[in-house]
Amino acid sequence: MFYKEIRELKITLIIVSLLLLIALVATVAMKETAVEILRGMGTEDMPEFAKNLVANPDLLSNIGNNDFYLVSQWQGKNLGQFIPLIILIISIPIFAREIDKKTIYFLLSRLTRKRVFFMKYLTGLGVLSCLIVLFSLAGPIAMNLAGYETGFSLTFKILVHQLIGGAFFFSVFIFYSVLSNDQTKPLIIGIATIIGLPIIGIFKPFAFLNLYPYILGSNVFNEGIEITKSIVLIFITTAIMTIDYMAFQKREL
């Protein structure tokens, strides 16, 4: 069953990996040009809402630093901002496609619901985690190969955020996948979730719903790993995974 899951994800993984590889090459190749442009950006003339989108405008002065450039433009931008979307594309078919094509009946005739759920859940989560780790570490490797001396310390710290934040989104999207009879509705609801949470998070009482600053590692450069938020997210993710499992156990199939 593990290999069946990998085979079904193969085409999606190849396409996503190719797109990320192109984005990584462009990020490294355009380093000098991007630094020049970003250094010319001043925050004085920015509208207030735009200043709020920059976690710390003073950090722009560090853009010439190889380590800061990499984490801000790769993990904090080109890779990081697409993590929820990549997770959505890969996670929705895991259960919804089996239910839509009626192949779930074949699986449940041979295996228990508990085994089917955890094999599918853990395989999907494992594949996504490997993808995030691979392309996060590819950042400093590509920078060094291009002649820009870059360390791995910041990359590892932000990677912790991205794995935990990614697991949270995965558990949410699996809930949509388990409850749906087709793949279109959970995909639309998932896109609405990705767009809606940051919008709701603009309002201060709901700021905790905007997970983008956490996943992009906006505060890691100055403050390191956010321990408390990470522990809370792990707890919430575990609770949602339990709800996913209970929903799959009770679903009429």
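**Exercise 1. Determine how many aromatic pairs the structure holds, and classify the pairs that F169 forms with F168 and F173.**

*Solution.* Step 1: rings of Phe, Tyr and Trp (its six-membered ring) pair if their centres lie within 6.5 Å; planes under 30 degrees apart count as stacked, over 60 as edge-to-face and the rest as tilted. The structure holds twelve aromatic pairs.

Step 1: F168 and F169 lie 5.6 Å apart, centre to centre, with 80 degrees between the planes, and form an edge-to-face pair.

Step 2: F169 and F173 have ring centres 5.8 Å apart and planes at 35 degrees, so this pair is tilted.

This is a predicted model, in which local features need pLDDT of at least 70 and side-chain atom pairs count only at pLDDT 80 or more, while totals for chains, interfaces and linings use all residues. Residues are numbered from 1 along each chain as its sequence is written, and side-chain values use heavy atoms, with hydrogens and water left out.

**Exercise 2. Identify the rings over which the charged ends of K31 and K120 sit.**

*Solution.* Step 1: a charge sits over a ring if NZ of Lys or CZ of Arg is within 6 Å of the ring centre and within 35 degrees of the ring normal.

Step 1: for K31 the ring is that of Y69, with the charged end 5.9 Å from its centre. For K120 the ring is that of F95, again at 5.9 Å from the centre.

Step 2: F95 also belongs to an aromatic cluster with F117, F118, Y121, F170, Y245 and F248.

**Exercise 3. Describe the overall fold of the protein chain and its dimensions.**

*Solution.* Step 1: the secondary structure comes to twelve helices and zero strands.

Step 1: the radius of gyration (over C-alpha atoms) is 20 Å, close to the 18 Å that the globule rule (2.2 Å times the number of residues to the power 0.38) gives for 253 residues, so the chain is as compact as a globular protein of that length.

Step 2: along its principal axes, the C-alpha trace spans about 60 × 45 × 30 Å.

Note on methods: Helix = DSSP H or I, 4+ residues; strand = E, 2+ residues; numbered from the N terminus.
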